[in-house]
Amino acid sequence: MITIREMTSNDLESVLSIENECFREPYKLSDLEYELNENPVNKMLVAIDDDKVVGFIDYMITFNSSTITQIAVTSSYRRKGVATKLLNAMVESFPKDIEDKVETITLEVRASNLGAIKLYESFGFEKVIIKPKYYKDFEDAIYMVMRLI
Ligand SMILES: CC(C)(COP(=O)(O)OP(=O)(O)OC[C@H]1O[C@@H](n2cnc3c(N)ncnc32)[C@H](O)[C@@H]1OP(=O)(O)O)[C@@H](O)C(=O)NCCC(=O)NCCS
């Protein structure tokens with residue numbers, strides 16, 4: 001059974017290997033260490049099966065908005081609802097008090113990443129604008145937003 005929990009330093013190597021498997025511009029170990037231990041607005045959750053990290057989500061909360069920086073699931077675990085579980089756990093983690101309520105979640109996704117776009121649409125995100133040549137290799141990004149209130 002897949003469970004979701006906060007990431008710890010013990011998960012760094014496993015998350016790094018999923019980074020390298022899944023992304024064209026993966027974070028380095030030092031980037032992950034910064035996000036996990038130093039970036040005060042950042043949060044990271046991992047999906048676990050049999051004590052093994054099979055996916056993760058990396059997001060920020062700034063005032064009433066959250067931004068997903070990365071989400072990835074190792075290839076043998078895809079299309080089993082793991083990313084959806086990570087997204088649900090992220091929403092669950094948002095502050096409960098009214099003043100700090102997260103009202104919108106935003107993200108950028110590569111225009112060619114149709115699987116991820118489908119995932120986000122199935123979760124409730126909408127395409128808002130295209131950010132031309134957003135990535136280092138000049139691919140466009142689609143900016144997507146989900147409103148929680
Ligand atoms: C995108 C990604 C995170 C999806 O993870 P996942 O665990 O397979 O997603 P889920 O199983 O929760 O998918 C939920 C729904 O999203 C849609 N979806 C997810 N992946 C899809 C794909 N490759 N093609 C079409 N639809 C897809 C489907 O509607 C799916 O429901 P279904 O399986 O019942 O049809 C995973 O493919 C991945 O890690 N890709 C590489 C990294 C990446 O591109 N990350 C996103 C950019 S930051």
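The legends below describe close-up views of a predicted model.

View 1

**View 1. Strand 1 beside strand 2.** Strand 1 and strand 2 run antiparallel and are joined by 4 bridges. Within this pairing, the residue of strand 2 that stands opposite Thr-3 is Ile-48.

View 2. Val-46 stands opposite Phe-56 in strand 3, while Asp-49 has Lys-52 of strand 3 as its bridge partner. The hairpin has 2 residues between the strands, and Asp-50 takes a positive phi near 55 degrees there.

**View 3. The hairpin of strand 3 and strand 4.** Strand 3 also pairs with strand 4 in the antiparallel sense, over 8 bridges, and in this pairing Ile-61 stands opposite Ser-66 in strand 4. Between the strands of this hairpin there are 2 residues, and the positive phi, near 55 degrees, belongs to Phe-63.

**View 4. Strand 4 beside strand 5.** Strand 4 and strand 5 (residues 104-110) run parallel and are joined by 3 bridges. Across this pairing, Ser-65 stands opposite Thr-104 in strand 5.

**View 5. The packing of helix 1 against helix 2.** Helix 1 (residues 12-22) and helix 2 (residues 29-38) pack with their axes 10 Å apart, at an angle of about 125 degrees. The two helices are therefore oblique to each other, and helix 1 passes helix 2 in a right-handed crossing. On the side of helix 1 the contact is made by Leu-12, Val-15 and Leu-16, and on the side of helix 2 by Leu-29, Leu-32 and Glu-33. By class, this contact of helix 1 with helix 2 has 5 nonpolar residues, no polar residues and 1 charged residue.

**View 6. The shell around the ligand.** The ligand is surrounded by 19 residues, of which the closest are Arg-78, Ala-83, Thr-84, Gly-115 and Lys-118. At least two residues of this shell are supplied by each of strand 4 (65-73), helix 3 (82-93) and helix 4 (114-123), and helix 4 gives the most, with 5 residues. Sorted by class, the shell around the ligand has 9 nonpolar, 6 polar and 4 charged residues. Strand 4, which contributes to this shell, also takes part in the sheet, where strand 4 pairs with strand 3 in the antiparallel sense and runs parallel to strand 5.

Terms used
Residues numbered from 1 in each chain as written. Predicted model: local features only at pLDDT ≥ 70, side-chain atom pairs only at ≥ 80, totals over all residues. Near = placed C-beta within 6 Å. Nonpolar A, V, L, I, M, F, W, Y, C, P; charged D, E, K, R; others polar. Axes fitted to C-alpha atoms, helices over the stretch in contact; angles between N-to-C directions. Parallel < 35°, antiparallel > 145°, perpendicular 65-115°, else oblique. Left-handed = near helix turned anticlockwise from the far one by under 90°. Contact = placed C-beta atoms within 7 Å. Pairing = 2+ DSSP bridges.
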